[in-house]
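Have a look at the model first, then read on.

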Amino acid sequence: MAECHPVGFQWVMEAKARGAKIIHVDPRFTRTSAVSHVHAALRAGSDIAFLGGLINHVLSEGKDFREYVLAYTNAAAILREDFQDTEDLDGVFSGYDPEKRQYDMTTWEYEGAPTVPAAGSTDPERPGEPGSESQHGGEEHQQTARADTYGSGGAAVAAKPKTDETLQHPRCVYQVLKRHFARYTPELVADVCGLPVEQFREIAEAVTANSGRDRTTAWVYSVGWTHHTVGAQYIRTASILQTLLGNIGRPGGGILALRGHASIQGSTDIPTLFNLLPGYIPMPHAHQHQSLDEFVAADAGKTGFWGNMRSYAVSLLKSYWGDSAQPGNDFRFDYLPRLTGDHGTYATVQKQIEGECKGYFLVGENPAVGSANGKFQRLGLANLDWLVVRDLQLIESATFWKDGPEVETGELKPEEIGTEVFFLPAAAHTEKDGSFTNTQRLLQWHHKAVEPPGDARSDLWFYYHLGRLIRERVGDDPRDAPIRDLTWSYPVEGPTDDPSAESVLAEINGHGPDGPLSAYTQLKDDGSTACGCWIYCGVRADGKNQAANRQPRTEQDWVAKGWAWAWPANRRILYNRASADPDGKPWSERKKLLSWDAEQGKWVGPDVPDFEPTKAPDHEPPEGAKAQDALGGRDPFIMQTDGKAWLYVPAGLADGPLPTHYEPFESPVENALYSQQESPTRQTLESPSNPYNPARSEVYPYVFTTYRLTEHHTAGGMSRTLPYLSELQPEFFCEVSPALAAERGLENGGWATIISARTAIEARVLVTERVKPLKVRGRTIHQIGLPYHWGPNGLTRGDAANDLLSIVMDPNVHIQESKAATCDIRPGRRPRGAALPAMVEEYRRRADG
């Protein structure tokens with residue numbers, strides 16, 4: 001965090017100054033480690049074993065916050081008799097189909113409470129349905145779980161499950177959890193992660209001692225957890241731990257997802273993701289969601305605030321199509337695009353290579369350097385008809401056709417590449433109005449400081465005027481009606497006719513008959529309200545830009561509601577009803593946030609209640625109640641259909657109801673728990689341009705992990721062109737331990753060649769104790785650290801670390817495994833020209849032999 005998110009890290013240092021204990025879990029010793037009380041060096045890709053060990057410690061030692069767990073989680077829910085765990089089936093859950101590499105989740109359900117399928121229908125003849133062939137290089141895309149099509153409330157459970165409040169029933173979630181994690185002992189953690197038993201016990205004691213009624217512990221993670229084939233389950237494991245300890249919804253607790261840069265949170269809220277609409281409304285699927293009512297019936301929970309999905313969806317459709325969206329035409333639901341399968345980044349590049357995708361926009365992305373398997377990316381770009389690149393600099397993804405690595409090796413020839421590249425200079429954030437949404441869900445408005453230079457334009461300018469020109473060119477064909485009917489009129493301002501960012505914010509906030517809306521609870525499903533993103537409703541309450549609030553800290557309390565605006569409703573801690581006990585009293589004075597004031601008949605405290613403000617703790621919902629009315633006064637997790645935190649997930653995840661340790665797809669060791677080596681539902685991409693290293697290969701014996709540096713930014717387009725930053729980190733390098741340097745003959749400051757089945761790259765050698773050998777599965781495992789900022793353009797140039805990576809993904813969110821892979825390393829510079837692919841091919845032959 002100190003290295004990658006230094007501005008936010010100031011608050012960690014503030015906490016340390018007040019006596020907080022800082023524990024850093026990372027394969028490398030970094031700037032964060034240097035100021036932490038404990039640095040736990042673990043093997044890249046082994047975090048579920050580590051976190052699972054902590055869960056086992058909590059459960060086996062009876063250190064869970066039992067009153068919290070009983071009241072606010074699904075610990076007491078009883079599972080079906082036919083559910084089988086990985087402990088029963090040697091590494092897979094019941095319902096697994098090894099041919100399709102998919103799960104039928106039926107047996108995961110609660111007893112007597114079936115789960116509503118997100119897809120609505122399960123007709124195998126329909127494209128994109130479970131059982132259909134949505135192909136990825138000969139392998140079916142993970143469709144059965146529909147993990148990426150549920151809204152923010154997750155899967156809907158149709159009825160209340162049978163429960164055992166004593167938590168003794170062998171099939172209750174609590175007991176299933178205990179059995180599942182029982183083998184994650186300190187000794188197993190040491191064996192899998194390389195962490196000494198004594199250090200693990202120290203961490204386990206610190207975490208549990210600092211959790212409970214009077215104290216809370218927070219976990220902070222970034223892409224070190226997400227970039228794995230089981231990345232979603234990494235976060236699930238932390239969620240289980242934090243829920244057992246009562247660290248969710250309470251001050252000083254929670255799980256903080258540090259994002260890649262200033263507004264990555266905003267890019268998922270107002271999504272750049274293919275499978276979501278604004279506010280985490282799932283994108284409808286082709287041939288399944290024929291009407292708005294079918295869509296809502298399939299994907300909305302009947303209880304909890306997600307039960308109002310129809311209001312959120314209708315208001316969004318009114319925002320898109322205005323007066324054209326009427327009850328009689330289903331509010332133009334038929335105008336929405338439909339999914340036909342996986343349209344993520346890597347699936348799209350596959351279609352480029354296969355000739356199906358002809359045009360591509362790159363906006364603030366540099367896949368030739370920043371994505372896994374850079375060669376795969378460049379081959380895709382080289383097979384396009386046209387490519388539009390909007391960036392601050394001529395990045396590698398704009399110049400690949402003339403100076404990419406494949407041009408040097410002769411695998412691509414500029415005169416044979418037909419891609420027409422349009423480079424359009426982009427405005428920097430200081431040259432445009434807008435908002436950043438950070439990891440706290442905090443919208444902070446930034447005002448334009450200067451006009452952009454020359455032809456540089458904002459993203460808002462580009463998309464608005466592109467849309468305007470397209471609308472001017474469409475004719476009367478009925479298929480163009482969705483474009484003609486769009487509400488696409490914003491006031492423009494300034495010398496470049498930039499659309500008003502404030503007017504876009506107003507559209508996102510939404511309006512009703514009486515003007516701007518103040519809260520998403522005002523949204524209606526009858527077409528009387530329009531809102532571009534329901535979770536952002538209220539950011540312009542009273543017609544004022546609340547994101548621009550800048551009340552000094554000396555003028556407000558510690559919750560700081562007067563600084564900017566946090567979605568939803570400007571609350572700073574989600575699920576903060578859980579900060580009070582079931583009767584509405586604070587768990588302790590020390591951790592007081594919200595409490596129930598019986599005299600006033602409402603919840604009071606410094607934060608905005610994440611709960612209906614006048615719903616009493618003893619409220620019991622009437623039979624047949626819907627949406628939020630179906631939740632009781634002791635159900636704090638209001639987006640869930642049952643109002644509970646889920647220790648166990650009865651539906652909605654493609655790879656299992658509980659986290660399980662699997663080895664990374666490319667691993668030097670065997671799985672210590674099961675014969676099932678890697679995630680059985682991993683998403684692979686079979687292509688000659690995406691070869692994999694065999695697991696446990698002696699040809700690729702070392703682990704490498706990628707990371708970022710403070711001095712450079714992501715794929716380097718914003719930093720490698722600046723002389724002062726380039727001077728601070730002037731060359732691409734690899735970090736290796738003294739032991740590995742001795743084993744391979746590497747010299748500090750010299751050159752090394754790192755090889756995988758994809759390619760070989762060269763880097764300067766940094767011999768350092770910061771990356772130490774680990775004892776794993778009875779052998780010494782060496783790890784190599786590679787910053788991923790470099791490429792062939794800019795003032796400081798070098799090979800791209802991500803060229804080494806393969807494309808293998810998490811089946812829930814399609815994120816690549818880029819934090820744990822295998823390689824070989826040897827001294828000296830890599831071959832040039834045709835000798836480079838020849839050497840890589842020779843390695844492949846040896847590995848396959």
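**The sheet**

Three strands make an open sheet, ordered E13-E14-E15 with parallel pairing; strands here are DSSP runs (E, at least two residues), helices are H or I runs of at least four, and both are numbered from the N terminus. Pairing takes at least two DSSP bridges between two strands. This is a predicted model: local features need pLDDT of at least 70, side-chain atom pairs count only at 80 or more, and totals for chains, interfaces and linings use all residues. Residues are numbered from 1 along each chain as its sequence is written, and side-chain values use heavy atoms, leaving out hydrogens and water.

- E13 (359–363) and E15 sit at the edges, each pairing on one side only.
- E13 and E14 (residues 386–391) run parallel, joined by 5 bridges.
- Val-363 stands opposite Arg-390 in E14.

**The surface patch**

- Phe-361, Trp-386, Phe-422 and Leu-424 make a nonpolar surface patch of about 340 Å².
- Phe-422 belongs to strand E15 (residues 420–425).
- At 37% relative accessible area, Phe-422 is partly exposed, a class between buried (under 20%) and exposed (over 50%), using a 1.4 Å probe and protein chains only.

**The core**

- The largest nonpolar core has 67 residues, and among those touching the most other members are Tyr-68, Tyr-312 and Trp-534.
- Such a core is a set of buried Ala, Val, Leu, Ile, Met, Phe, Trp, Tyr and Cys residues joined through side-chain atoms within 4.5 Å.
- Elements giving two or more residues to this core include helix H4 (66–72) and helix H12 (309–321).
- H12 provides the largest share, 7 residues.

Conventions
Patches are made of residues with over 30% relative accessible area and no salt bridge: like charges are joined within 9 Å, nonpolar side chains (Val, Leu, Ile, Met, Phe, Trp, Tyr) within 5 Å. Accessible areas come from the Shrake-Rupley method with a 1.4 Å probe; for residues, only the protein chains shown count as cover. A salt bridge is a side-chain nitrogen of Lys or Arg within 4 Å of a carboxyl oxygen of Asp or Glu.
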